Amino acid sequence: MTPDPHPWAYDLSLLYGEVWTRLTRGVHDRHAPARHPTLATVTSEGRPQARTVVMRAADKRAGTLDVYTDLGSAKVKNMRAAPFAALHVWDRSAHLQLRLEADVTILIGRDVATIWEGVPPTSRLSYGVTPAPGQPISRALDYTKVSDAESFAVLRLEISSVDALHLGPNHRRARFDRESDWIGTWLVP
Ligand SMILES: Cc1cc2nc3c(=O)[nH]c(=O)nc-3n(C[C@H](O)[C@H](O)[C@H](O)COP(=O)(O)O)c2cc1C
């Protein structure tokens, strides 16, 4: 019999470690599935909104993830009204779906000055655009990108729960909660 390629999926503690290994890989490896998670928010009318983002930082000990964005974007407006988010990753090679719930803090200005220093000049152009993101324009390129530190926001996602679904010969699903110190419990998949 061939050995299972994902032995970590059999044990709650190993599975939780693997979750963070995969999330962290997204920060450093542009080809990792967690490099481009889907971030979901809700509008003030309670409607869901989802979009692709780039994973910028992962801190297992604090249980936080960082995403960079333009302060004028709709997602920031959503998070001001409802400071919560969900993050989704499908890691195909690990046969692992991750669904994370988070409380969000929008960091700006002096709080992100050091992070802004580390953003390469070409990438800084992603933060600051006129008119503001999402505004209607007459022609497709009727906008100007400027590098603007005032428009740079870091969304700090304080993860409250992780739902991990592993697809194997037998499917396994587990939930890890901050309030239970990430101990984890198996769920019916
Ligand atoms: C591969 C990829 C990576 C992206 N990364 C980011 C990102 O890190 N931050 C961001 O604000 N938008 C990112 N975007 C754009 C968002 O998906 C979205 O179109 C934009 O932020 C506007 O979303 P909003 O109107 O819901 O705020 C990315 C899009 C793609 C396709």
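A word on the model first: it is predicted, so local features need pLDDT of at least 70 and side-chain atom pairs count only at pLDDT 80 or more, while totals for chains, interfaces and linings use all residues. Residues are numbered from 1 along each chain as its sequence is written, and side-chain values use heavy atoms, with hydrogens and water left out.

Let's start with the ligand. Around it sit H36, R51, T52, V53, V54, Y68, T69, S73, A74 and K75, where being around it means having a heavy atom within 4 Å. By type, this shell has four nonpolar, four polar and two charged residues; here Ala, Val, Leu, Ile, Met, Phe, Trp, Tyr, Cys and Pro are nonpolar, Asp, Glu, Lys and Arg are charged, and the others, Gly among them, are polar. At least two shell residues come from each of β2 (48-52), β4 (64-70) and α2 (74-81). These elements are DSSP runs numbered from the N terminus, helices being H or I with at least four residues and strands E with at least two.

A polar side-chain atom of K75 lies 2.6 Å from a ligand oxygen atom. A backbone N or O atom of T52 is 2.7 Å from an oxygen atom of the ligand, and one of Y68 is 2.8 Å from a ligand nitrogen atom. Taken alone the ligand exposes 610 Å², and the protein buries 57% of that (Shrake-Rupley areas, 1.4 Å probe).

K75 takes us to α2. Which residues of α2 are buried? They are K75, V76, N78 and M79, buried meaning under 20% relative accessible area, exposed over 50%, and partly exposed in between, with a 1.4 Å probe and protein chains only. Seen down the helix axis they fall within an arc of 155°, so they line one face of α2; the arc uses directions from the axis to the C-beta atoms. On the other side, A74, K77, R80 and A81 are exposed. The buried residues pack against strands including β1 (38-42), β5 (84-91) and β9 (152-166), with contact meaning heavy atoms within 4.5 Å.

Strand β9 also holds D163, which is buried at 8% relative accessible area. Its side chain makes a 2.6 Å polar contact with that of R173 (N or O atoms within 3.5 Å, one able to donate a hydrogen and the other to accept it; residues adjacent in sequence count only if both atoms are side-chain atoms).

Last, Y10, in the segment before α1 (12-28), is partly exposed at 42%. Y10 and R172 are 162 residues apart in sequence, yet 7.9 Å apart in space, C-alpha to C-alpha.
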